Amino acid sequence: MSWRVLVLGGTAEGRRLTEKLAALPGVEVVYSIAGRVAAPALPTAARIRVGGFGGVDGLTSYLRDAGIAAVIDVTHPYAALMTAAAVTGSNAAAVPLLVVRRPGWPETDGDDWHRVPSLAAAAAALGGFGERVFLTTGRSGIAAFAGSDRHWFLLRSIEAPSPPMPVRLDVLLERGPFTVEGETALMRGHRIDVVVTKNSGGPLAAAKLVAARHLGLPVLMVDRPPLPPGAPAVATVEDAVAWLIRLLGATDRSCTG
Ligand code: NAP
């Protein structure tokens with residue numbers, strides 16, 4: 001008998017978790033992505049499904065129809081809609097769920113962080129800083145800054161943004177990981193005054209914060225959306241593997257006992 005596990009992905013951890021789960025005996029993984037990126041990074045050891053489920057009802061039906069035994073949400077910490085649907089949908093379909101939420105970056109000595117609750121709040125706060133803004137909030141967040149015509153923006157994203165966008169905008173199409181040296185040179189070269197970012201956590205994009213600290217630049221840090229109340233969560237891929245092994249062991253015992 002094989003156990004079909006749905007991994008909600010779109011992150012490096014999602015891919016790493018998929019490879020680890022697929023190596024467990026009797027486990028088959030379906031790795032799901034939203035399908036927004038033209039050439040997404042994908043795990044090799046899973047069945048891939050692309051595109052939204054159609055909200056909570058669509059996800060609930062999918063979980064039942066596809067015979068999913070467990071869901072692990074390893075989406076990005078800011079993918080709040082998907083996580084909310086995963087919590088409600090898995091509950092409705094009576095399928096066990098775990099959320100993997102990597103820890104955020106901590107503010108350390110020498111940092112000049114200004115926390116804001118949303119991208120809109122970041123755009124509203126820009127007036128208190130200099131003119132030249134380095135935006136690493138993803139292409140979909142650019143609309144929040146479309147009305148900021150007093151600022152010049154450098155947006156770094158994996159794919160090109162689409163309107164609405166600020167008038168004074170340069171786009172750098174790049175995918176991490178980035179180095180402290182590279183980030184420092186980039187910010188110096190573009191005479192950046194302020195960095196706007198999300199607290200994604202993890203090693204791939206942390207270098208910009210070290211570079212900002214070294215250069216004495218302020219950082220507007222957009223807060224993470226909260227996890228839905230009661231959502232069971234762990235911080236690491238290893239904890240998620242252990243959760244699944246425990247779950248399968250308990251289910252086997254209840255089937256044979
Ligand atoms: P979101 O706002 O929470 O999700 C919007 C909709 O996209 C969801 O309601 C769902 O559509 C679909 N969706 C999202 N993740 C999906 C997945 N893994 N599989 C299938 N459908 C998915 O998410 P987002 O912030 O737009 O992020 C989209 C994807 O990009 C996520 O997979 C996330 O891990 C990845 N990502 C996001 C960020 C970020 O900063 N937000 C950064 C890096 C990677 P339906 O309602 O139709 O089911």
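User: Okay, ligand first. Which residues come nearest to the ligand?

Analyst: There are 21 residues around the ligand, and Ser32, Arg36, Phe53, Met82 and Lys198 come nearest. Keep in mind that the model is predicted.

User: What does Ser32 do there, in terms of distance to a ligand atom?

Analyst: Ser32 has a polar side-chain atom that lies 2.7 Å from a nitrogen atom of the ligand.

User: And how far is the side chain of Arg36 from an oxygen atom of the ligand?

Analyst: An N or O atom in the Arg36 side chain is 2.6 Å from an oxygen atom of the ligand.

User: Which part of Met82 lies by a ligand oxygen atom, backbone or side chain?

Analyst: The backbone. One of the backbone N or O atoms of Met82 is 2.8 Å from an oxygen atom of the ligand.

User: How much of the ligand's accessible area does the protein cover?

Analyst: On its own the ligand has 810 Å² of accessible area, and the protein covers 75% of that.

User: Which elements give two or more residues to the shell around the ligand?

Analyst: Those are β2 (27-33) and α3 (80-92). The most comes from α3, which gives three residues.

User: New topic: Arg102. Where is Arg102 found?

Analyst: Look at the loop between β5 (97-100) and β6 (113-116), and you'll find Arg102 there.

User: Is Arg102 buried or exposed, and why?

Analyst: Arg102 has a relative accessible area of 14%, so it counts as buried; the cut-off for buried is under 20%.

User: Which backbone oxygens does its side chain, the one of Arg102, reach?

Analyst: The Arg102 side chain reaches the backbone oxygen of Ser200 at 3.0 Å. For the backbone oxygen of Gly201, the distance from the Arg102 side chain is 3.1 Å.

User: What about His151, where does that lie?

Analyst: His151 is in the loop between β7 and β8. Its relative accessible area is 5%, so His151 is buried.

User: Which backbone oxygens does the side chain of His151 reach?

Analyst: One is the backbone oxygen of Leu126, at 3.3 Å from the side chain of His151. The side chain of His151 also reaches the backbone oxygen of Gly130, at 3.4 Å.

User: And Leu135, in which strand is that?

Analyst: Leu135 has its place in β7, the strand of residues 132-135. With a relative accessible area of 0%, Leu135 is buried.

User: How far apart are Leu135 and Val194, in sequence and in space?

Analyst: In sequence, Leu135 and Val194 are 59 residues apart, while in space they are 8.7 Å apart, C-alpha to C-alpha.

User: Let's switch to the backbone. Which residues does a cis peptide bond join?

Analyst: Pro163 and Pro164 are joined by a cis peptide bond, with omega about 0 degrees. Gly176 and Pro177 are joined by one too, with omega about 5 degrees.

User: Why point those out?

Analyst: Because most peptide bonds are trans.

User: Where do Pro164 and Pro177 sit?

Analyst: Pro164 has its place in the loop between β8 (152-157) and β9 (169-173). Pro177 is in the loop between β9 and α5 (180-189).

User: Which residues other than glycine have a positive phi?

Analyst: Among them are Ala94, with a phi of about 55 degrees, and Arg191, with a phi near 50 degrees. For background, most residues other than glycine have a negative phi.

User: Where is Ala94, and is Ala94 buried or exposed?

Analyst: Ala94 is found in the loop between α3 and β5. Its relative accessibility is 67%, so Ala94 counts as exposed.

Conventions:
Residues are numbered from 1 along each chain as its sequence is written. This is a predicted model: local features need pLDDT of at least 70, side-chain atom pairs count only at pLDDT 80 or more; totals for chains, interfaces and linings use all residues. Side-chain values use heavy atoms; hydrogens and water are left out. A residue is near a molecule or strand if one of its heavy atoms lies within 4 Å of it. A polar contact is a pair of N or O atoms within 3.5 Å; within protein, one must be able to donate a hydrogen and the other to accept it, and residues adjacent in sequence count only if both atoms are side-chain atoms. Accessible areas come from the Shrake-Rupley method with a 1.4 Å probe; for residues, only the protein chains shown count as cover. Helices (H or I, at least four residues) and strands (E, at least two) are DSSP runs, numbered from the N terminus. Buried means under 20% relative accessible area, exposed over 50%, partly exposed in between (1.4 Å probe, protein chains only).
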